[in-house]
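Okay everyone, thanks for coming.

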Amino acid sequence: MNVATDIAIAPEDRLRADLYNFLGLMLAGPPDQLLLDQCAGLSGDDSAMGQAIAGLARVAKATKPGKVESEFNALFIGLGRGELLPYASYYLTGFLNEKPLATLRSDMAVRAMTRAPNVYEPEDNIASLMEMMAGMIVGRFGTPATLDDQKTFFNKHIAPWAGLFFSDLEAAKNSILYASLGAVGREFMDIEREAFRMTAA
């Protein structure tokens with residue numbers, strides 16, 4: 001047994017990583033019945049984040065996989081293109097495959113992150129960035145990233161546009177389940193931004 005791989009992660013960091021992973025999973029493709037059931041089983045408290053999670057659970061209870069697949073396709077795939085383009089390059093420059101993607105690829109290389117062989121999307125899509133943050137927190141790419149390293153990555157690749165993307169997802173005309181997910185994502189980005197702002201530079 002390799003004890004070095006059994007790294008202790010603080011419970012609050014494990015929860016952060018779980019939420020990043022969840023957002024990444026929901027944004028990578030339409031959820032199946034199992035994932036919808038898991039969403040339906042979530043519960044929230046009176047906080048803004050808790051209310052967003054409770055809203056997502058309510059919508060998930062009434063959603064079927066076929067319906068959410070149509071919603072996902074209308075939002076992200078579409079005929080020619082979906083209603084939203086969930087890429088950092090597009091949000092920051094108005095074009096795909098621009099400098100934000102090149103900068104991200106450089107930062108990924110430094111952290112030994114590689115794109116999965118079965119993934120053809122540019123790495124600066126929102127689902128991949130959520131998964132990268134989760135991986136950094138729990139040490140999927142080596143040792144867990146320090147809070148400073150997480151903050152640097154978040155501020156450089158996620159903070160400038162992810163909140164706006166999640167707001168757009170909430171307001172998108174084809175959004176039903178994903179409007180609720182947008183609310184969760186927007187609240188989470190606000191919490192992360194504020195938490196990182198309060199940490200020492």
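So, the largest nonpolar core has 54 residues, and Leu-27, Phe-165 and Phe-166 touch the most other members. By that kind of core I mean a set of buried Ala, Val, Leu, Ile, Met, Phe, Trp, Tyr and Cys residues joined through side-chain atoms within 4.5 Å. Helix H7, residues 126–138, gives the largest share, 9 residues; helices here are DSSP runs (H or I, at least four residues), numbered from the N terminus.

Quick caveat: this is a predicted model, where local features need pLDDT of at least 70, side-chain atom pairs count only at pLDDT 80 or more, and totals for chains, interfaces and linings use all residues. Residues are numbered from 1 along each chain as its sequence is written, and side-chain values use heavy atoms, leaving out hydrogens and water. pLDDT is the predictor's confidence in each residue, from 0 to 100, and the chain averages 93.

Back to Phe-165: setting aside residues up to four places away in sequence, Phe-165 touches Leu-27, Phe-76, Leu-84, Pro-86, Tyr-91 and Ile-126, a contact being heavy atoms within 4.5 Å.

Now, how are the rings of Phe-154 and Phe-196 arranged? Their centres are 5.2 Å apart and their planes at 45°, so the pair is tilted. Rings of Phe, Tyr and Trp (its six-membered ring) pair if centres lie within 6.5 Å; planes under 30 degrees apart are stacked, over 60 edge-to-face, the rest tilted. Phe-154 sits in helix H8 and Phe-196 in helix H10, 42 residues apart. Phe-154 is at 0% relative accessibility, so it counts as buried (under 20%; exposed is over 50%, partly exposed in between, with a 1.4 Å probe, protein chains only).

Key
Helices (H or I, at least four residues) and strands (E, at least two) are DSSP runs, numbered from the N terminus.
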